[in-house]
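Here is a friendly walk through the model on your screen. Please keep the viewer open as you read.

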Amino acid sequence: MSTYQRMDIGFESGHGAWLVDQRGERYLDALSGVAVCSLGHANPEIAGVIAKQAGRLIHTSNLYRIPLQEKLADRLTGISGLDKVFFCNSGAEANETAIKICRKYAHHKQVEDPVIVVMNGSFHGRTMSTLSATGNPAIQAGFSPLLAGFRHVPYDDINALDKLDDVRKRIVAVMLEPIQGEGGVVVPTPGYLQALREICNQNGWLLALDEVQTGMCRTGAWFAYQHENILPDVVTLAKSLGNGLPIGACLASEAVAEIMVPGSHGSTFGGNPLASAAALAVIESMSRQKLAGRAGELGTIMLKRFGDELGRLDKVVEIRGKGLMIGIELAGDCTELVGQALKQRLLINVAAKRVVRLLPPLIISDDEMNQIVDTVCLLIKSL
Ligand SMILES: Cc1ncc(COP(=O)(O)O)c(C=O)c1O
């Protein structure tokens with residue numbers, strides 16, 4: 001189906017931060033398949049683990065214990081501070097799980113018609129519940145009736161939560177991205193997540209964070225909430241968890257997870273031996289290479305370089321980001337930059353029509369980082 005506006009280019013192989021097209025041309029990838037291939041393309045360690053596991057056992061079923069899934073859950077709870085994990089296959093499914101958990105928690109508390117507070121400008125996926133939670137009318141257009149039970153408020157506006165008196169008794173959770181990705185790399189004011197945590201505590205609401213794009217070292221920590229020293233109740237992951245092998249996860253604290261019982265939720269493929277082996281290898285590799293720290297350092301350097309080179313241009317509204325999640329907001333529509341970058345053999349993305357979005361692999365070298373900055377600066381200057 002024509003669900004994608006595809007560029008007329010196809011890649012046949014890759015290595016590290018580079019992709020090779022069908023004619024043998026090399027491209028520097030500053031997008032990582034939209035925050036997926038953080039360890040680079042055709043990573044030999046991950047490819048080796050996948051090949052070995054595929055030769056041993058790909059799939060059994062969640063009817064049986066899956067030792068690799070249990071090991072992965074241990075690793076994820078260890079790095080996140082949460083207690084339990086449900087495995088699925090994508091970001092949207094991870095968020096579906098989070099939404100179901102919030103609703104079940106509400107019913108457990110005798111709230112029969114629960115409301116989840118979500119954010120304008122957010123993106124949570126394309127299934128019916130996640131697109132209903134998404135704060136972007138363009139993504140919802142044509143799919144009504146939307147799922148009820150979501151209330152959208154402005155992002156990064158803590159006072160917005162004071163203005164919900166009509167639904168206050170029904171609110172069960174606040175769900176948001178710690179940094180909005182598709183919305184244009186919107187980084188909230190420092191202290192915002194802490195303030196939200198506080199409000200959720202005072203009201204007995206759950207705090208559910210969508211870390212599908214920000215998670216797994218992308219912003220300079222395993223998870224973006226760790227920059228603010230808070231612990232959410234629910235966290236969703238996908239994208240780089242498998243470095244390209246599909247896997248999603250919904251993590252929760254014990255008190256919340258215990259309401260999910262046999263029959264509450266399920267997934268045929270979720271956390272199968274192959275996906276679990278790949279994700280375990282990803283965590284091992286990120287941890288050994290200390291990629292959270294590296295992403296943080298590279299991000300600081302890139303923001304400084306972009307600031308020095310572009311900060312004073314009238315057409316540049318704001319340069320922002322955290323770690324290797326960087327957005328350069330321009331004064332007008334800049335979608336044409338994607339095609340212009342492609343001609344320079346660089347893969348970038350434009351979010352929300354006017355924000356150049358960079359999500360390079362976390363394993364880029366200093367030279368590759370500088371090459372990305374040089375090319376992006378040239379492109380923006382000549383716009
Ligand atoms: C923050 C966030 N949540 C959810 C999703 C949906 O993930 P998926 O496409 O794997 O369903 C995305 C994808 O871009 C995302 O950025």
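A residue is called buried if 20 or more other C-beta atoms lie within 10 Å of its own, exposed if 12 or fewer, and partly exposed in between, with C-beta atoms placed from the backbone. This is a predicted model, in which local features need pLDDT of at least 70 and side-chain atom pairs count only at pLDDT 80 or more, while totals for chains, interfaces and linings use all residues. Residues are numbered from 1 along each chain as its sequence is written.

With those cut-offs in hand, is His227 buried or partly exposed? His227 counts as partly exposed because it has 18 C-beta neighbours inside 10 Å. Lys163 counts as exposed, because 11 C-beta neighbours lie inside 10 Å. Helices (H or I, at least four residues) and strands (E, at least two) are DSSP runs, numbered from the N terminus. The two residues sit in these places:

Two residues are in contact if their C-beta atoms, placed from the backbone, lie within 7 Å. Not counting residues up to four places away in sequence, His227 touches Thr219 and Ala221. From His227 to Arg354, 127 residues apart along the chain, the C-alpha separation is 27 Å. Between Lys163 and Met7, 156 residues apart in sequence, the C-alpha to C-alpha separation is 44 Å.

Next come the domains, whose bounds come from an automatic or database domain assignment. The chain is assigned domain 1 (11-30 + 290-381) and domain 2 (45-288). Their C-alpha centres lie 27 Å apart. Domain 1 brings 19 residues to the contact and domain 2 brings 16 residues. On the side of domain 1 that touches domain 2, at least two residues each come from helix H10 (291-310), strand S11 (316-322), strand S12 (325-330) and strand S15 (355-358). H10 supplies the largest share of that side, five residues.

S11 and S12 also pair with each other, in the antiparallel sense over six bridges; strands count as paired if DSSP finds at least two bridges between them. Ile319 stands opposite Ile328 in S12. The hairpin of S11 and S12 has two residues between the strands, and Gly323 takes a positive phi near 60° there. Elsewhere, an open sheet of four strands with mixed pairing has the order S1-S2-S3-S13. Its edge strands, S1 (11-15) and S13 (346-347), each pair on one side only.

A nonpolar core is a set of buried Ala, Val, Leu, Ile, Met, Phe, Trp, Tyr and Cys residues joined through C-beta atoms within 7 Å. The largest one has 113 residues, and Cys102, Leu206, Ala249 and Ala278 have the most contacts inside it. Helix H9 (residues 273-288) gives the most to this core, with nine residues. Leaving aside neighbours within four places in sequence, Ala249 has contacts that include Leu76, Phe86 and Leu237.

The ligand is surrounded by 15 residues, of which Ser90, Gly91, Ala92, Val212 and Gln213 are the closest. Helix H4 (residues 91-108) provides the largest share of this shell, three residues.

Key. Near = placed C-beta within 6 Å.
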